Amino acid sequence: MTNLSLARTWKRQPFIENQTVRYSIYAGVILYLFLSFNTFEINWIRVWEGLPRGQKFLAGFAPPDFISRWEEIVDGVLESLWMTVASTVVGIFISIPVALGAARNIAHPSVYYFCRGIIAISRSFHEILLAIFFVKFFGFGPFAGFVTLSFATIGFFAKLLTEDIEDTSVSQSEAIQATGANWWQWINYGIQPQVMPRMIGLGLYRFDINFRESAIVGVVGGGGIGATLNTAFDRYEFDSAAAILIVIITIVFLVEYTSGIVRKQVQ
Amino acid sequence: MLRLEALHKRYATGEVALTGVDLEVPKGQVMALIGPSGAGKSTLIRCVNRLVPPTGGRIFFNNEDVTRLSSRKLLKMRRQMGMIFQEFALVERLSVMENVLSGRLGYVGFWRSFLRKFPQSDIDEAFRLLKRIGLDHMVDKRADELSGGQRQRVGIARALIQDPQLLLVDEPTASLDPKTSRQIMRLICELAHERNLACVINIHDVPLAKMFAQRVVGLRLGEIVYDGTPEGLNDDVLTEIYGEEDWHINKYAPKAAQQESSWDEEDTEEPAAMAS
């Protein structure tokens with residue numbers, strides 16, 4: 001250590017070893033970013049001219065009018081809550097067997113690929129696309145929204161529950177197997193207690209998401225508060241729309257807050 | 001009572017854990033299975049209740065071939081074999097009572113177990129066992145609230161409530177302090193003796209094995225290299241099981257006692273010597 005000629009330098013190894021490749025990737029990323037910002041073609045004169053109109057539009061929201069459309073708002077909120085509760089419960093109910101079938105440490109390979117397939121299909125479509133499809137399929141109204149949200153819940157809930165099941169401790173489940181427990185008992189004693197807190201947390205989280213999505217789904221014809229909001233916009237009743245938005249925001253906050261408390265209690 | 005014939009296990013990875021093991025354990029015998037890590041001790045006892053399916057040979061339990069049982073019969077067979085685990089393997093989010101009663105799962109139907117409505121006789125037996133291991137005041141505690149020694153005692157109760165004829169014990173003391181280790185080993189051996197159970201205990205701790213077992217079997221690379229009394233475990237035998245090692249002399253010991261800093265010097269010397 002005293003001999004300086006022996007001192008060795010050290011540098012962190014770069015993620016991409018080849019220097020040419022590395023710098024051309026950096027250059028490419030910067031060039032692409034530059035080009036994509038240029039495709040916006042912002043006409044600043046039009047923006048300037050549009051500002052007063054935007055101001056008028058925003059002014060239309062104030063003050064929010066809760067009164068003239070109050071009945072529709074209440075109906076819409078109740079319908080959304082109904083959709084949320086029903087779709088969360090049904091979605092979770094279907095998710096549990098799918099998750100068990102998709103967990104590598106539990107399921108037989110044939111079941112495994114089938115259940116993974118269900119999850120993949122459910123996850124590959126956004127709620128809006130599903131809603132458009134189901135509205136065409138079942139007609140306008142909350143039933144289409146309910147089916148949409150239930151279907152979307154499966155992809156979310158089953159996927160995350162599967163991961164949790166795969167992370168369970170082998171020794172705990174082995175110990176239950178060693179007692180001579182049958183398959184159902186093994187799931188009930190060896191697996192379920194390990195994943196229960198996460199299941200409750202995920203369920204509440206999904207309830208949260210489903211309420212927010214129910215507002216979106218309504219816009220494309222799936223019923224609920226989203227439909228009310230859409231109608232308000234179509235009639236240029238921006239003050240009522242503002243009231244609806246405030247109601248949605250308040251409920252989302254409330255749901256998020258309470259589910260946060262419950263999740264903390266459980267975990 | 002338990003007889004292994006040419007038991008062979010090759011894992012899917014290609015690793016061979018057991019290369020034709022023959023072993024017979026009579027009723028009431030406490031047998032220690034010792035050997036280095038990776039010798040196949042865990043695999044051996046897991047083959048017996050088929051948590052790990054053997055790839056060759058046969059296992060006879062009360063003259064019935066375990067390796068050919070249908071899955072339904074296997075569940076019945078597993079009731080006869082209590083298992084005690086390294087790191088206890090209690091279901092952590094279940095209560096002490098639920099963990100003990102889970103030993104009865106092979107005897108009760110799904111709905112009874114699901115609703116936690118076990119027969120009164122099972123509950124009586126659970127209380128009796130919990131009293132015996134000194135934990136009857138902790139019935140409703142969650143398993144993860146217990147200390148290591150307490151958890152292992154619950155693990156023992158779970159195995160015994162199965163009313164087994166054989167105990168398979170996998171490193172019961174691996175995460176316990178020396179005093180608790182002795183207490184746990186004593187408890188296992190006492191209970192095995194009371195009920196006249198055969199007992200196969202995997203154990204790393206050779207002195208503990210000598211202290212409690214009636215018979216010691218040494219396993220190396222999936223092969224039995226010693227089978228005899230605890231007294232017969234001399235240095236040559238230990239070398240045969242574990243490989244070349246000086247079993248008594250520690251040349252650093254006196255120096256370390258004289259001055260503490262000597263540790264650092266020795267540490268830096270070691271790698272240098274190995275590199276040259």
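Residues are numbered from 1 along each chain as its sequence is written, and chains are lettered from A in the order in which they are written. Because the model is predicted, local features need pLDDT of at least 70 and side-chain atom pairs count only at pLDDT 80 or more, while totals for chains, interfaces and linings use all residues.

Biologist: Is A:S68 buried or exposed?

Modeller: A:S68 lies in the loop between α2 (44–61) and α3 (70–102) of chain A, helices being DSSP runs of H or I with at least four residues and strands runs of E with at least two. A residue is buried if 20 or more other C-beta atoms, placed from the backbone, lie within 10 Å of its own, exposed if 12 or fewer, and partly exposed in between. Since A:S68 has 12 such atoms within 10 Å, this residue is exposed.

Biologist: Which helix gives the most to the side of chain A that touches chain B?

Modeller: With contact meaning C-beta atoms, placed from the backbone, within 7 Å, 19 residues of chain A are in contact with 22 residues of chain B. On the chain A side, α7 (170–178) and α8 (183–222) each supply at least two residues. The most, eight residues, comes from α8(A).

Biologist: In what sense do β7 and β8 of chain B pair?

Modeller: Two strands pair if DSSP finds at least two bridges between them, and both strands belong to an open sheet ordered β6-β7-β8-β3-β9-β10 in chain B. B:L166 stands opposite B:A198 in β8(B). Over five bridges, β7 (166–170) and β8 (198–202) of chain B pair in the sense called parallel.

Technical notes
Contact = placed C-beta atoms within 7 Å.
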